[in-house]
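These are my notebook entries on a structure that I examined entry by entry.

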Amino acid sequence: MHSQTRSRRALLKDGAALAITIATGLRHRTAHAAEAVPFSSGTEAPTIAVPPKACDCHIHILSTRFPASPHWKGQPVLDSDVAAYRQVQARLGTSRVVVVTPSTYGTDNRATLDGVAQFGPSARAVVVVDLDITEAELRAMAAQGAVGIRVNFGTPQSWGPTTAERLETMARKVAPLGWHVQIYATGDKIVELEPVLNRLPTPLVIDHLARLPPDQGVSHPAYGVVRRLLDGGRTWMKLSGAYLNTASGPPAYADATAVAKSFAAAAPERMVWGSDWPHRGEKHLPDDAQLLDLLAAWIPDDQARARVLVDNPAKLYGFG
């Protein structure tokens, strides 16, 4: 009898060990599957509540079906396409998206507009165009979901250096369509551009927390420029790119967080959030859920966060 009891105990012990092994294996496979979400680190969903119709207001779609612009010397085109991003959406819980043409493509907006067509009514486009763009071409892109142009002062463009004159000329071209102008520029450049930015005939969207130097943050002169623009009522800020504006790093991005909190408090009605997926050129891919969770610190109030994720993008990008 004692022998039988010992055998039963051994059997139960072996069964428990097997159950632990299976559970561990399942967890490993689940984590492995989550890690396969393209161009993003981490495995968990965001901890904040993500409301219905939440919008990721800054991603790039690239596809090997569309070759890079001949001028491009950076990272080659990889398939960070709609199918890949849908996996990111599923993890984050967002449903709307704004696709921005990356510098990789110069003024070739085919990948962006093709992506928006695949996403359908839940997507909008911000395109890159040259000075010779015609009104007919702009209206054709508007029919395909384009609502704004991006003018990039931060990375080399196919036409050479981006100038203030180009910015003003392009803004005048798109103003009749009701589009906005989005700029990507360092804090120093924003200071230089202040007079031009004040007189643009379109709404203005500033990328990635205005790229203030992390060691200066709100002490940098560009902070005052941006605050004045926000106070003017026609400027919007993308609460994005924390990993581009940090020396302290993840998970808190304390230096970027100080800047973001100040901007968000100044004009909560004109803040939008973006992941900047697929994080082109980054050696260490950020965790997109972690980037979304930063909003808990940047905008502590749930209703205000919902405004940033849903209502503000609906207004800026024209979601129904």
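**Entry 1: helices α7 and α8.** I first looked up helix α7 (residues 221-231) and helix α8 (residues 254-266), whose axes come within 10 Å and cross at roughly 20°. Axes here are lines fitted to C-alpha atoms, for helices over the stretch in contact, and angles run from 0 to 180 degrees between N-to-C directions. Helices (H or I, at least four residues) and strands (E, at least two) are DSSP runs, numbered from the N terminus. I noted that the crossing of α7 with α8 is right-handed, which applies if the near helix is turned clockwise from the far one by less than a right angle, anticlockwise being left-handed. On the α7 side, Y223, V226, R227 and L230 make the contact, and on the α8 side S262, F263 and A266; contact means heavy atoms within 4.5 Å. By class, I recorded 5 nonpolar, 1 polar and 1 charged residues in this contact. Ala, Val, Leu, Ile, Met, Phe, Trp, Tyr, Cys and Pro count as nonpolar, Asp, Glu, Lys and Arg as charged, and the others, Gly among them, as polar.

**Note on the model.** The model is predicted, and local features need pLDDT of at least 70, side-chain atom pairs count only at pLDDT 80 or more, and totals for chains, interfaces and linings use all residues. Residues are numbered from 1 along each chain as its sequence is written, and side-chain values use heavy atoms, with hydrogens and water left out.

**Entry 2: nonpolar cores.** Which residues have the most contacts inside the largest nonpolar core? I found I190, L239 and F263, in a core of 75 residues. Such a core is a set of buried Ala, Val, Leu, Ile, Met, Phe, Trp, Tyr and Cys residues joined through side-chain atoms within 4.5 Å. Buried means under 20% relative accessible area, exposed over 50%, and partly exposed in between (1.4 Å probe, protein chains only). Helix α7 gives the largest share of this core, 6 residues. I then followed F263: leaving aside neighbours within four places in sequence, F263 is in contact with L209, L212, Y223, V226, R227, L230, M237 and M271. A second, separate core has 13 residues, including C55, V205, L316 and F319.

**Entry 3: helices α5 and α6.** The axes of α5 (residues 164-174) and α6 (residues 187-198) come within 10 Å and cross at roughly 25°. This makes α5 roughly parallel to α6, and the crossing is right-handed. A164, L167 and E168 of α5 meet L193, V196 and L197 of α6. I counted 5 nonpolar, no polar and 1 charged among the residues of this contact.

**Entry 4: the backbone.** Most residues other than glycine have a negative phi, and most peptide bonds are trans. Where did I find cis bonds? One joins P250 and P251, with omega about 0°, and P251 lies in the loop between β7 (235-239) and α8. Another runs from W277 to P278, with omega near 10°; P278 is in the loop between β8 (271-273) and α9 (288-293).

H208, not a glycine, has a positive phi of about 50°. H208 lies in the loop between β6 (204-206) and α7 and counts as buried at 2% relative accessibility. A210, in the loop between β6 and α7, has a positive phi near 70°. A210 is buried, with a relative accessible area of 0%.

Notes: Parallel < 35°, antiparallel > 145°, perpendicular 65-115°, else oblique.
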